[in-house]
Amino acid sequence: MLALLALHLALALLAPAAAARLGRSVFLLVALAPAATTAWAATSAAAVLDGRPRPQATSWVPGLGLTLDLRLDALALLMVTLVSGIGTLVFLYCARYFPADARGLGRFAGVLTAFAGAMLGLVLADDLILLYVFWELTSVTSYLLIGFDDEDAESRRAAQQALLVTVLGGLTMLVGFVLLAQAAGTASLSAILADPPRGGTVPVALLLILVGAFTKSAQVPFHPWLPSAMAAPTPVSAYLHAAAMVKAGVYLVARLAPAFAVVGLWRPVVLTVGLATMVVGGWRALRQTDLKRLLAFGTVSQLGFLMVLLGAGTRQAAVAGAALLLAHGLFKATLFLTVGAVDHATGTRDLRVLSGVGRQLPVLAGAATLAALSMAGVPPLLGFISKEAAYEAFLSGSGTDRLVFVGLFVGSLLTAAYSARFLWGAFASKPGCARTQVHTLSPVLLGPVVVLGAAGLLLGLAPALADPLVQAYADGYGTPAEVEHLALWHGLTAALAWSVLTLALGAALFVVRERLSGLQRSAGRLLGAVDADRSYEGTLSLLDRLARRVTALAQSGSLPVYLGTVVLTVVLLPGVALLTSTRLTDDLQGWDRPLQPIVGVVIVVAAVATARAHRRFTAVLTLGAVGYGTAVMFVLQGGPDLALTQFLVETLTLVLFMFVLRRLPAHFSRQHFQLSQTVRVAVAGAAGVFVTTAVLVAGQARTAPPASRAYLEQSLPEGGGRNVVNVVLVDFRGFDTLGEITVLVVAALGVASLVLAARRRTSPHAEGETAVMAAGGQALDEPGAAAPVVVP
Amino acid sequence: MSGNLTLALTVGALYAAGTYLLLQRTLTRVVLGLGLLGHGANLLLLQAGGSAGGVPFVGAPAGASGVADPLPQAMVLTAIVITFGVSAFLLALAYRSWVLTGEDDVQDDVEDRRVTRRQRTEDAPVVRPEDEL
């Protein structure tokens with residue numbers, strides 16, 4: 001399995017280079033990947049259907065417990081059939097769909113192959129985290145494919161919308177995955193399903209996971225990204241937005257439902273959202289005039305249907321769901337490819353313009369009719385069988401099931417109506433419309449459409465072919481004594497009567513389409529306020545405005561404001577903790593030496609004078625007083641070495657300041673502040689109070705004896721010195737001192753370069769100050785070099 | 001373990017004055033503020049060693065309260081020197097700023113000011129994503 005994923009990746013990387021040589025036939029080359037996967041799946045099918053899944057475990061990041069666990073079981077096999085089987089046909093179709101001289105084909109082929117690989121990984125993954133990785137890979141590749149026409153603003157917008165919605169859902173899902181994995185103690189999907197955790201965070205985890213599934217499978221209210229994504233080239237729509245990617249959410253629900261459908265809000269949420277999606281999608285599909293958008297809303301509707309069936313958590317519904325999964329993949333891909341072919345042949349997808357196409361493209365029309373009838377649920381096609389099974393599953397149940405049935409019924413009759421609308425719109429001859437000009441289509445383009453359309457008929461006539469696959473998945477709910485097999489004819493049942501009624505009402509809806517569209521327009525006006533696409537726009541622009549506001553607030557551009565914020569944070573966060581969690585003992589002394597308070601007062605007075613000084617000179621002198629005072633404090637505390645160093649360094653600092661101040665103006669400039677004087681004093685005062693408290697509390701918090709006791713004992717025998725501080729510096733902590741010296745060297749280099757560069761500027765060549773600034777540092781190194789860039 | 005109120009208050013005052021200077025626009029004053037903060041930090045470290053004591057020399061007579069802790073003293077010694085290095089560097093920066101612009105004040109960031117102005121003037125209009133791409 002890993003080899004197949006690697007094959008996808010290799011061909012994806014190879015595609016751009018190959019496209020330069022092969023042109024659009026590159027799709028025939030990359031089709032090898034899904035074709036090989038299909039062949040492999042076919043050879044593995046017998047064992048898998050026999051109840052022997054094929055696992056493959058590979059270590060990935062052992063330290064993080066990440067594994068590349070893959071597993072082919074019945075559900076995965078069903079999905080691989082869709083992903084790789086239909087994928088192969090779509091790839092073939094691509095080879096003639098694009099014009100021979102189309103731009104960016106190599107990139108497109110590469111990304112499409114990468115998507116096929118990611119999707120394959122998603123359905124095979126047996127590890128929650130691995131599944132998430134593939135999940136997001138499909139989102140990213142889908143983004144690239146929808147935005148393939150990157151010069152078109154509409155397709156860029158659609159790509160962004162799809163990415164934002166699905167990735168947001170994906171992240172939510174990841175949280176759910178992590179919660180679930182923690183509750184279960186393992187991230188292995190098969191282990192979790194075999195022994196599902198209960199209680200605790202599990203219901204929350206499942207809701208979060210459902211959000212991910214709903215966004216990916218375009219459920220209400222996340223659905224608008226799917227119709228928007230129709231900006232993508234049609235093969236992408238057929239593959240990603242009908243057969244493969246949008247099924248990922250449904251797949252996840254189908255995967256988890258056998259173990260978790262009974263937990264918490266799972267059933268109510270899945271059923272409500274699924275039914276709402278089915279009805280809303282069908283209703284909206286009825287008013288579209290673009291064939292592709294009609295199909296897109298149809299897909300939304302069918303995804304809702306699938307969600308209900310596969311999430312309901314009963315064996316009967318699961319049988320119907322699995323059959324519908326297969327049927328939908330077949331008929332929806334056929335229909336999308338049909339639209340692509342019609343677009344290719346006539347240059348339009350507008351059903352108000354198309355007329356008489358069916359007569360001119362009879363083969364295409366035939367295949368599309370088979371697919372549309374399957375979608376509507378007309379016997380003897382696979383779509384009919386699955387819908388019949390769905391009716392059966394919910395007709396026999398209790399009160400809630402009846403309610404669900406009503407929803408399914410309404411959704412199905414809308415489906416029948418828009419199926420008819422599609423066929424009529426694409427192929428019928430309409431009075432008042434000129435016959436559309438059509439050019440012939442390549443058999444390579446038609447082939448996949450016919451094969452897919454015919455497959456629906458074949459499986460409808462011989463449901464025994466699909467039955468083992470469907471039953472093997474449903475066996476996850478346990479195997480009953482008497483298995484209800486898929487069949488065309490179950491006798492004269494209630495479900496059959498409802499099916500007939502569905503078709504009749506659907507046909508009636510299609511017949512009154514003129515009047516219906518008027519009704520839809522007024523309903524649209526009424527419901528305009530709750531348009532999900534508009535709320536997406538609204539959310540985005542709200543986000544933009546919020547971001548601008550936050551930026552303006554947080555990024556004022558004033559250094560004092562930034563520093564003040566930092567200081568306040570330091571004071572508030574640890575300060576609150578300091579006040580609430582610790583208590584000072586009464587073991588407080590005023591001073592250790594009687595001289596200390598006197599020196600302390602000197603220091604404080606000098607410090608305040610430094611802060612208040614208006615003349616630079618005064619400020620430097622008072623700072624010196626603080627320094628010397630500190631030195632005295634060192635002596636009193638018992639550190640003569642410190643005092644000595646402090647005296648020397650303080651003197652040196654004074655000299656340094658004098659050198660600089662000699663050149664600067666005598667007074668500090670008058671300043672304009674965003675922060676008022678009061679605020680600055682308050683912030684500074686708060687910092688002082690905080691530090692005082694921290695010093696007192698920290699001083700009393702000692703629990704262990706000082707680490708330096710050993711230093712005192714070993715100073716003479718090991719360090720050979722009586723002055724312990726010196727021995728610590730040059731011996732015990734010698735490397736620290738080395739680091740300190742390095743810092744001094746770096747600072748000295750910095751000072752030298754800053755001061756020397758300044759000196760050169762004063763040379764007679766460089767009189768244009770601003771120009772030198774603009775030219776940057778290099779110009780300053782050469783006295784002559786600054787001259788050419790001087791701007792008067 | 002006892003606390004020394006005098007030292008604690010002195011440290012607090014030094015931090016307050018230092019922070020106040022740090023919140024100024026003039027670079028020289030910011031450097032002065034850092035100097036005050038440095039002194040404050042040194043006293044704070046010293047204070048962490050406990051109460052005053054005899055000099056930490058081997059063989060020196062220890063007072064009633066024992067020998068002063070040598071480890072914080074070693075740290076303070078390092079800190080004094082580093083503070084000097086940093087002050088010298090910052091002073092050179094302030095000087096350079098004065099040489100280039102004729103003043104040693106930090107101005108507001110131009111880009112940030114523009115963002116603020118933009119937010120004030122055109123808050124309302126809806127920006128569709130494609131406008132910004």
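Two strands are said to pair if DSSP finds at least two bridges between them. Strands (E, at least two residues) and helices (H or I, at least four) are DSSP runs, numbered from the N terminus. The model here is a predicted one, so local features need pLDDT of at least 70 and side-chain atom pairs count only at pLDDT 80 or more, while totals for chains, interfaces and linings use all residues. Residues are numbered from 1 along each chain as its sequence is written, with chains lettered from A and ligands numbered from 1 in the order in which they are written.

Strand E5 of chain A (residues 588-589) pairs with E1(B) in the parallel sense, over two bridges. Within this pairing, A:Gln589 sits opposite B:Asn4 of E1(B). Chain B itself holds one strand and five helices, laid out along the sequence as β-α-α-α-α-α. Of its 133 residues, 57% come out as buried (20 or more other C-beta atoms within 10 Å of a residue's own; 12 or fewer makes it exposed, anything in between partly exposed, with C-beta atoms placed from the backbone).

Contact, for two residues, means C-beta atoms, placed from the backbone, that lie within 7 Å. In chain B, 53% of the contacts with a separation of 6 or more join residues 24 or more positions apart. Turning to the interface, 89 residues of chain B touch 108 residues of chain A. On the chain B side, the elements giving two or more residues are strand E1 (3-4) and helices H1 (5-22), H2 (27-48), H3 (70-101), H4 (110-121) and H5 (129-132). H3(B) gives the most, with 24 residues. By type, this side of chain B splits into 52 nonpolar, 24 polar and 13 charged residues (Ala, Val, Leu, Ile, Met, Phe, Trp, Tyr, Cys and Pro count as nonpolar, Asp, Glu, Lys and Arg as charged, and the others, Gly among them, as polar).

Over in chain A, helices H27 (616-637) and H28 (640-661) pack at about 175°, their axes 8 Å apart. H27(A) and H28(A) are therefore roughly antiparallel, a label for angles over 145 degrees. Residues making the contact include A:Phe617, A:Tyr628 and A:Phe634 of H27(A), and A:Phe647, A:Leu654 and A:Phe657 of H28(A). Overall, the residues of this contact are 13 nonpolar, four polar and two charged.

Elsewhere in chain A, A:Gly185 lies in the loop between helix H7 (153-184) and helix H8 (189-194). A:Gly185 counts as exposed because it has 11 C-beta neighbours inside 10 Å. From A:Gly185 to A:Pro197 is 12 residues in sequence and 8.9 Å in space, C-alpha to C-alpha.

Conventions:
Axes fitted to C-alpha atoms, helices over the stretch in contact; angles between N-to-C directions. Parallel < 35°, antiparallel > 145°, perpendicular 65-115°, else oblique.
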